[in-house]
Amino acid sequence: MSERLPSTRRNRASLAYKLRYAAKNPDKIRPYVGRVARDLRIRLSSRDHVAYYRAVMRSDAARSPEAAVGSRSHERWLALGQMQFDYLLKHGLKPDDRLLEIGCGNLRAGWRFIDHLDAGNYYGIDISPDILLAAQNTLVQQDLRDKLPHLTLVNDLKLRFLPSEYFSVVHAHSVFSHSPLEVIDECLAHVGRILTPDGFFDFTFDRTEGTEHHVLHEDFYYRTETLIALAEKHGFTARFMDDWEELPHGQSKIRVTHSTRDRTD
Ligand SMILES: C[S@@+](CC[C@H](N)C(=O)[O-])C[C@H]1O[C@@H](n2cnc3c(N)ncnc32)[C@H](O)[C@@H]1O
């Protein structure tokens, strides 16, 4: 009898899950022990989650920036960027949109947005200086210097230095899947100010239908209703994006808007 649960019901932090996983994947035990040791070491020297995750990115990006943003190969890096780009294009992304990408990484999707948007209309922010340096390499490789994108290091998601009602699209892919709730709360508390009245903010998250949990301090699993309620607490309308579920991607997506109006409705 198989006791395999659907991925949205698994609690990856539970001892039972870890033991089952280890029994099935003995080759993964050693790397996991290495990650546990790194988690402990970095946590002891980090004052908060942003400092912690910045150190994780430093360690991962030193090996491979593409792997640091979650892609096993260059082909997967290209495909994941294409998927994000195609989705926003389908949802009406136009060259004159102004796009803020939160946690832009090494521009896996960003370079396609930059290419599509009018010069100066892309703004990428990230907490990791190492991945932002890798992002500059992507810009050079894709010959996009003339598009003059902004790439900025941040310490928090208060977005203080950005103008009000400026961005028509805000995009965060695979960022809240690495964020504790207080980071998401901070972002939702401030993103409304910089969003145009008819703009939208899309973010992906690792979805659980069971107990919310996290693995080490790197991967966080939330219930949809938790994030929808958090967005509503900050005055947004939030909806689960069913059409994203059709794509071959492990995370889910929520769109928040100032009102119930949406450009795709
Ligand atoms: C898995 S990578 C994804 C990068 C990019 N969104 C993509 O799809 O390729 C997560 C990125 O988010 C950044 N990040 C994590 N927490 C962040 C935060 N609180 N604020 C801004 N960036 C953050 C990381 O440094 C990393 O570059």
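How many residues surround the ligand, and which are the closest? There are 24, the closest being Gly103, Gly105, Arg108, Ser128 and His173.

This is a predicted model, in which local features need pLDDT of at least 70, side-chain atom pairs count only at pLDDT 80 or more, and totals for chains, interfaces and linings use all residues. Residues are numbered from 1 along each chain as its sequence is written.

**View 1. The shell around the ligand.** H3 gives the most, with 3 residues. Helices (H or I, at least four residues) and strands (E, at least two) are DSSP runs, numbered from the N terminus.

**View 2. The buried side of helix H9 (residues 224-233).** Leu227, Leu230 and Ala231 are buried. Buried means 20 or more other C-beta atoms within 10 Å of the residue's own; exposed means 12 or fewer; partly exposed lies in between; C-beta atoms are placed from the backbone. The face turned away from the buried side carries the exposed residues Glu225, Ala229 and Lys233. Gly235 follows H9 and has a positive phi, near 85°.

**View 3. Helix H8 (181-194) and its cover.** H8 has 14 residues. Its buried residues include Val183, Cys187 and Ile194. Among the elements covering them are helix H3 (49-63), strand E4 (167-172) and H9. Contact here means C-beta atoms, placed from the backbone, within 7 Å.

Methods:
Expected span 1.5 Å × (residues − 1). Contact = placed C-beta atoms within 7 Å. Near = placed C-beta within 6 Å.
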